[in-house]
Structures are given as structure tokens and as C-alpha cells.
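Open the model in your viewer and colour it by chain. Keep the sequence panel at hand for the stops below.

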Amino acid sequence: MLNFEVESIGSFLKEKIKKYEYVPKIYDYGVVKSSADDIIHVDGLPHSRYGELLEFGEEEYGLVLDLNEKGGGAVLLGRSSAVVPGCIVKGTGHVADICVGYQLLGRIIDPIGRALDGKELVCTETRPVECHAPTIMQRSSVNKPLETGLLAIDSMIPIGRGQRELIVGDRQTGKTAIALSAMINQRKGDVICVYCAIGQKASTIAQIANTLEKVGAMEHTVIVASTASDCSSLQYLTPYAGCSIAEKFMYDGKDVLIVYDDLSKHAVAYRAMSLLLRRPSGREAYPGDVFYLHSRLLERAAKLSHELGGGSMTALPIVETMAGDISSYIPTNIISITDGQIYLESELFNAGIRPAVNVGLSVSRVGRSAQHDAMKKVSGSLRLEVAQYRDTAVFAQFGADIDASTAQLLSRGEKLTELLKQRQDDVLKLSAQVCILLAHSNNLFKSIPEKQVLDCRRRLLEHMKLACNSTLCAIDTSGMLSDSEKDLLVHEMQSFFKGEENEQRK
Amino acid sequence: MQQAILKIARPYDEEDIRAITSGFERLLGTNIDFKVIEDNSLIGGFSAFIDGKVYNSDIVSRLNEIRRSFFN
């Protein structure tokens with residue numbers, strides 16, 4: 001029940017009317033020539049710019065995406081039956097913008113800045129949706145890691161702050177789960193997260209918001225959402241709007257993580273608009289500028305130089321493949337734009353290996369420069385080991401006779417595969433990851449049966465937290481692992497595993 | 001001679017049209033030939049459409065602006 005006094009409404013209205021000053025308005029105008037499928041062809045508006053907002057009637061807006069001598073083509077932002085041929089179109093003179101700032105944290109908004117969570121949103125500052133990417137001199141090299149909390153990624157495919165890492169895979173392979181884990185892992189840190197849901201089901205967006213809320217990660221997160229029922233123009237704008245929101249934080253010197261979920265739907269929305277705007281189509285019916293569509297978006301992710309505050313924007317674009325085909329148009333485009341990719345496989349996912357990362361096809365082009373020293377020390381040959389195991393396992397399943405060294409490789413590989421399994425909300429701190437990898441490299445899990453590895457891992461981490469808490473805290477804060485600390489941890493783990501072996505014998 | 005459209009709400013007379021025309025001619029430095037359209041949905045005042053630009057001075061747009069100011 002709303003609680004207010006009737007008199008206050010009157011005084012509020014009187015005050016607003018008193019403050020109003022009349023200024024005659026002069027603006028460009030055009031006339032709607034045709035209107036179909038949310039595409040408007042306009043006559044007139046000789047001074048309009050690409051990306052300019054047009055006003056149709058009272059509360060309807062459109063975006064200029066096509067210019068010619070006599071007028072142009074625009075897409076409607078929202079469905080409107082009120083726009084009919086002969087309507088007057090008003091040129092607003094400014095390009096589409098979005099409200100930005102810290103009041104957006106914890107909120108769900110649409111790409112034109114309307115709150116979708118039913119709460120009031122006060123807009124104090126705006127930023128154009130399309131901005132230029134930072135120049136070469138405004139950037140610095142990526143050298144600080146962005147922990148995802150996932151052992152498989154932080155150890156083998158490290159992501160740096162300011163990097164663009166593609167998450168690619170078929171449907172239902174855990175792409176969003178990886179991005180969500182990365183966002184959840186930032187809950188107690190200094191990284192702000194922006195999640196752009198492009199053409200997603202409204203129920204999925206609600207579920208993601210609930211998950212983030214439940215684990216306490218929503219308060220440093222902004223969700224920019226366009227659902228599958230929104231028109232193509234809103235879906236097209238979503239990643240650019242999200243990027244502008246993230247840019248504001250980045251230029252304030254903050255570290256930001258932005259997730260585009262997903263860019264294949266974004267390309268499809270842009271293709272729909274382009275075909276309706278009668279642009280010539282190319283491969284897979286996408287327009288010629290579909291590469292530029294994504295490159296200009298992803299180039300806005302950067303690690304800024306010290307003079308500009310040293311903020312960063314890490315982008316995790318997601319792309320869905322069909323039947324594992326990463327050589328189709330959109331995946332290859334985005335693979336070539338980004339600084340690496342995490343490739344997820346249905347077979348691995350169905351075999352219960354989650355995150356279902358294919359280590360052979362996944363790569364981080366920033367490499368080990370974006371890894372903590374402690375992690376560098378313990379994850380040296382991990383990638384090679386996993387790749388070797390998966391190759392050997394394929395042959396071993398034919399029942400071939402295997403020698404002792406191959407048997408050992410398979411046994412270690414099986415344990416490692418188990419160790420790399422992780423639930424979406426079960427993110428691991430750096431120190432925990434270091435302990436697990438140290439235990440594996442010292443072959444401490446050798447006597448633990450494969451099915452008990454995950455339980456044993458949990459117990460090991462609990463034990464280490466009690467026994468060496470100060471060392472673990474030191475690793476988490478400094479990111480370093482000295483030789484003495486390493487010896488201490490190995491010694492403690494050896495005594496833990498001795499206890500475990502005794503338990504097994506009983 | 002610049003062709004243009006003048007939307008105007010009643011009541012108005014020839015004197016008003018002449019005053020508006022001469023005002024715009026002075027402002028833009030060119031002769032203007034207005035096609036006058038009576039539009040009572042403006043409530044009062046006028047809107048002139050000249051060379052791709054709208055010169056808006058009607059009551060309905062002012063009311064809309066006030067309405068918008070309530071929400072900002």
C-alpha cells in the first residue's frame with residue numbers, strides 16, 4: 001500500500017509547473033514513409049547521424065542505422081503500433097546513451113536504461129552506447145590475473161585483467177556456468193561485474209539473478225538484459241550498453257568483468273535487422289560488417305595505462321556452436337578477435353567432467369604473464385599432462401596391453417581429471433588451488449581410489465585450513481609461494497595423506 | 001520562395017498568419033510560402049515545418065514537456 005499525503009501531490013505538481021520555463025523548440029523532422037517488422041523508412045531528416053535517436057510521437061524511440069540522400073532507415077526500440085506512414089519523426093540530435101554509475105550495482109536494467117527489477121532507478125550520468133575503444137597509448141600490458149575460482153581455468157588457461165577470453169561450445173555444455181563462477185568468485189574482491197544477457201529466456205535471467213543474489217555476488221553486479229521476446233534492436237544494443245556501463249567503472253580506475261551471453265544471438269539479431277534494412281547479405285546471410293560489429297565491441301575491453309587510472313575491463317564473450325563446429329562464421333570471427341578461447345565439449349560434459357574444458361583446443365594468448373607466481377610454480381606441465389592423458393585414454397579404452405609407465409600416466413590422469421571437476425558455486429581460492437596442485441604434483445593422491453578423490457580433496461582443504469591457515473592467507477594476499485612455504489605445505493599434506501592411507505587400510 | 005507548412009490551432013485570422021510569416025522571413029532571410037493547415041489537436045499556438053526543421057510553439061508540446069518533467 002502506498003503511503004503518502006494527498007496534499008503533497010498538489011504541492012509537488014505546483015512546484016514542478018512553477019519551475020517550468022518555456023523555450024521554443026527547433027528540431028529536425030522527417031516523415032515516416034513505411035513501417036514494417038520494426039523497421040521504419042523515413043523521408044527527410046537531412047542532418048541525422050548514424051546511431052542517432054529518433055523520437056516517434058511521445059514515448060517511442062528509434063535508432064538510425066541506414067542513411068541515404070533522401071532520408072534513412074531506422075529500427076524501433078520497442079514494439080509500436082502507433083508508428084504509421086505519414087507520422088512526424090523528430091531527430092533528437094544525440095546518439096543513444098545509457099545511464100551509468102554506481103547506483104546500477106545490484107540492479108537489472110534493459111539496454112535503454114529502464115529498470116526491470118521493479119525498483120526506482122535514478123539516472124545521474126549518461127554515456128553514449130557506442131564509444132571509441134582506448135587507443136594504443138592509453139593501454140598497458142595485461143599482467144594481473146583475474147581469478148575465476150575454477151582450477152581448470154586458473155591453472156591451465158589463465159585470464160588476465162583486460163583480456164578478452166571467448167567461451168565457446170555447444171548448447172548445454174556449461175558456458176554460462178563458467179562465466180557465473182567467475183562472477184561469483186569476485187564477490188569479496190575489488191572487481192565489478194556486468195552481465196549482458198542477449199536474447200535469453202526471461203526465466204534464465206531470473207535464475208541467474210537469483211543465483212548471484214543467493215551467494216551474495218549481486219551487490220557488485222549489474223545485469224543488462226534483453227529477453228528473447230524483445231525486438232532485435234534491443235538485443236543488438238544490449239552488449240554496447242553493458243560495455244558503456246563497464247567503461248564508466250574502468251575509467252574510474254576499477255577492474256571490471258563483463259560477460260556477453262551470448263554473441264551468436266547478438267549476430268542473429270543484427271542479421272535480422274540488416275536483412276529487413278535490405279542490406280546485401282554475405283556468408284550465412286550475415287551482413288558484411290558482422291566482423292566489425294563484434295570487433296568494435298570487444299576492442300573496448302582494455303587494461304588502461306597508469307595515467308588513466310589503471311582500470312581494466314575483462315571481457316568474457318560467449319558463443320554457441322552447432323554440433324561442435326568452431327569453424328563456422330561467427331565463432332571463427334570472434335576467435336580471431338579475442339585473446340584466447342575456452343572450448344567446452346559435449347562429450348566431456350556428458351561424461352561428468354565439469355567444467356567440460358577441452359584443454360587441447362583452449363588457449364590463453366596472454367599466457368603465464370597473467371598468473372600469480374604461486375600458480376606458475378605449481379601448474380607448470382599441467383596442460384601437457386591433461387592433454388597426454390586424454391590422448392592415451394582414447395587408446396587405452398580399446399583394451400590394449402599397456403606398460404607400467406603408461407598405466408601410471410593413466411592413473412595420474414584419472415586422479416587429475418577428478419581433481420579438476422568443480423561445481424559452479426564451489427569456487428576455490430588461490431591457496432586452495434595451489435594445495436591441490438601441489439598434492440597432485442607430489443603424487444600424494446596415488447593411493448586414493450578414483451571415486452574418493454573429490455571427497456579426499458574436500459577433506460584435504462579443510463585440514464589445510466586448520467593446520468596452515470596463516471600460510472594459506474599469505475599466499476592469497478601476496479600471490480607468491482616461497483620454497484619454505486612450499487615445503488611446509490607438502491610436509492603437512494604428506495602427514496594428512498598418511499592418515500588417509502591408514503583409514504583406507506582399516 | 002521557400003515552400004513550408006504551418007499547423008495552427010483555432011482561433012486565428014489572416015493577421016496572425018501574416019505576422020508569423022513575416023517573423024520567419026526575418027529570422028531565415030528568405031521569402032516563405034506557408035500552406036496553412038488547421039490543427040486543433042495543438043490546443044493553441046502553431047508549429048512551422050520549414051526546410052527539414054520544425055519550429056515548435058504549440059500548447060500540446062508544452063503540456064507534454066511539463067508532463068515529462070514530473071517524472072524526472
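This is a predicted model: local features need pLDDT of at least 70, side-chain atom pairs count only at pLDDT 80 or more; totals for chains, interfaces and linings use all residues.

The tour starts with one chain, then moves to the interface and ends at a single residue pair.

Stop 1: Chain B holds 2 helices and 4 strands. Trace the chain along its sequence, and the order reads β-α-β-β-β-α. Now orient chain B along its principal axes: its C-alpha atoms fill a box of roughly 45 × 25 × 15 Å.

**Stop 2: burial and contacts in chain B.** Colour the chain by burial. Of its 72 residues, 22% are buried. Next, turn to the contacts between residues at least 6 apart in sequence. In chain B, 62% of these join residues at least 24 apart.

**Stop 3: the interface.** Bring chain A back. Here 13 residues of chain A are in contact with 13 residues of chain B. Which elements of chain A give two or more residues to the side that touches chain B? They are α1 (6–19) and β1 (25–36) of chain A. The largest share, 5 residues, comes from β1(A). Colour this side of chain A by residue class: 8 residues are nonpolar, 1 is polar and 4 are charged.

**Stop 4: strand against strand.** Select β1(A) together with β4 of chain B, residues 53–58. These two strands run antiparallel, and 4 bridges join them.

**Stop 5: one bridge pair.** Zoom in on Y27(A). What is its bridge partner in β4(B)? Select V54(B), and you have the pair.

Notes:
Residues are numbered from 1 along each chain as its sequence is written. Chains are lettered from A and ligands numbered from 1 in the order in which they are written. A residue is buried if 20 or more other C-beta atoms lie within 10 Å of its own, exposed if 12 or fewer, and partly exposed in between; C-beta atoms are placed from the backbone. Two residues are in contact if their C-beta atoms, placed from the backbone, lie within 7 Å. Ala, Val, Leu, Ile, Met, Phe, Trp, Tyr, Cys and Pro count as nonpolar, Asp, Glu, Lys and Arg as charged, and the others, Gly among them, as polar. Two strands pair if DSSP finds at least two bridges between them.
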